[in-house]
Structure formats: structure tokens, C-alpha cells
Amino acid sequence: MTSLIALGTLNLSRNQLRGNIPSTIGNLHQLETLDLSHNRLSGQIPQSYSSLSLLAHVNLSFNNLAGRIPSGNQLQTLEDSSIYEGNPLLCGVPLSTKCPGDETRHFPCSDEGDNKDDDDNGKLWLYVSITLGFITGFWGVCGTLIVKKSWRYAYFRFFDGMKDKVALAIALKQNSLKRLQQYNRILKFTQKVPNKLQLLIY
């Protein structure tokens, strides 16, 4: 039956079927509806069951199936636990029954927690690095000036020289502005004098 790869619907419910679900059921790639409920099927659900990517309606209830329910692909969307009810030995999502070892399994949420811890540690080391860099730079300069007199004198001489140069530049700039203002006043005055002379002549 599993060689009917174009099969879209398979309903064998209430037929008193016995045995295991064929491991080749995953070959039915076009299967959209699967109903094997109310039979006497036993054993585990084959892992190939998870490769039925078009599966939309499933009913495996009231059999004697056991073990972990396969997950992945289209099965992630089939969250109705009634699909598997009446199989007391089944475990795993979407049933509330946990499988042995689930307590120690690592789920994505724990990975997110680990990533958050890594981010927090990264930020902590960033702040520590900035603080150490500031302390090292500050004391590298100030400590050297305190310990070495020659460097300290050279440092202050440098800033004194810079201060004098800045003061001289400001004074020269102010002087040039004053001279420019005086020149503008003289120019305006000389422009007004000929006009007054012309008025006196007339």
C-alpha cells in the first residue's frame, strides 16, 4: 500500500488491524489525510512519518502504539493531542506525557538563556576593559609627570608656550580688527567731505 505514492487520503479506521505501522509510510509524499484510529496497531510510530510534508488531518487514536511521537516538518502544526489519545504508552509533544530523559534534554529556550548570559558577560567585559583602559592611560600620563621632573618641566613649558602663542594670536587679531575699523571710519569721512564742499560752493 505504501507504494501508492500519489495517494492523498488513507482511512483504515475501525478495521481491527494488528501489527506495526509500516516504516515505509513516509513514501506517501502526497498524503494529506491519514486515519488509522480504533485498530490494534502496536509498536512505535516510524520516524518516516515526520516526512509527510502535506499531512493536514491525522487520527491515530485508540490503538496500542508506544514510544516517542516523531516531530518535525508538518507535524509541528498538528498540536491536537486527541490525534494520539487512547495510546497510553505514547509520549512527547503534543501529549502532556513526557518521555524518559526529557528532563535532561536541551530545548531552544535554554539556548536563548545561554545567549543572554553570553551577551551579559560580553557587556561586563566591555565595561571592565574601558575602565582599565582609562585608569592605565590616566596614570600612564600623570604618573610619569609626577615621577620624572624633567618630563614635568617639559610638559608645563610646552603648555606655557602654547598659552603665549594663543595670547599673541588673539592680540594680533584684535589689533587688525581695530585697524580695519579705523580705516573704514576714515574712508567714510573722506567720502562725506567732498559733498560738504560742493554744498558750500553752491
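The following legends describe close-up views of a predicted model. Residues are numbered from 1 along each chain as its sequence is written, and side-chain values use heavy atoms, with hydrogens and water left out. Local features need pLDDT of at least 70 and side-chain atom pairs count only at pLDDT 80 or more, whereas totals for chains, interfaces and linings use all residues.

**View 1. Overview of the chain and its secondary structure.** The chain contains two helices and seven strands, where helices (H or I, at least four residues) and strands (E, at least two) are DSSP runs numbered from the N terminus. From the N terminus on, the order of elements is β-β-β-β-β-β-β-α-α. Of the 202 residues, 20% are buried (under 20% relative accessible area; exposed is over 50% and partly exposed is in between, with a 1.4 Å probe and protein chains only). The accessible surface is about 15,300 Å², and carbon and sulfur atoms account for 60% of this (Shrake-Rupley method, 1.4 Å probe; for residues, only the protein chains shown count as cover).

**View 2. The open parallel sheet.** Four strands are arranged in the order S2-S4-S6-S7 with parallel pairing; two strands pair if DSSP finds at least two bridges between them. Strands S2 (18-19) and S7 (89-91) are at the edges with a single partner strand each, so one side of each has no neighbour in the sheet. S2 is joined by two bridges to strand S4 (residues 40-43), and arginine 18 stands opposite arginine 40 in S4.

**View 3. Leucine 60 and tyrosine 84 in the nonpolar core.** The largest nonpolar core has 22 residues, and those with the most contacts inside it include Leu60 and Tyr84 (a core is a set of buried Ala, Val, Leu, Ile, Met, Phe, Trp, Tyr and Cys residues joined through side-chain atoms within 4.5 Å). Leucine 60 lies in the loop between strand S5 (57-59) and strand S6 (64-68) and is buried, at 1% relative accessibility. Beyond four places in sequence, the contacts of leucine 60 include Leu34, Ile45, Tyr49 and Tyr84 (heavy atoms within 4.5 Å). Tyrosine 84 likewise touches residues including Ile45, Tyr49, Leu60 and Leu90.

**View 4. A nonpolar surface patch.** Leu124, Trp125, Val128 and Leu132 together form a nonpolar patch with about 420 Å² of accessible area. Patch residues have over 30% relative accessible area and no salt bridge, with like charges joined within 9 Å and nonpolar side chains (Val, Leu, Ile, Met, Phe, Trp, Tyr) within 5 Å; a salt bridge is a side-chain nitrogen of Lys or Arg within 4 Å of a carboxyl oxygen of Asp or Glu. Valine 128 belongs to helix H1 (residues 108-147) and is partly exposed, at 31% relative accessible area.
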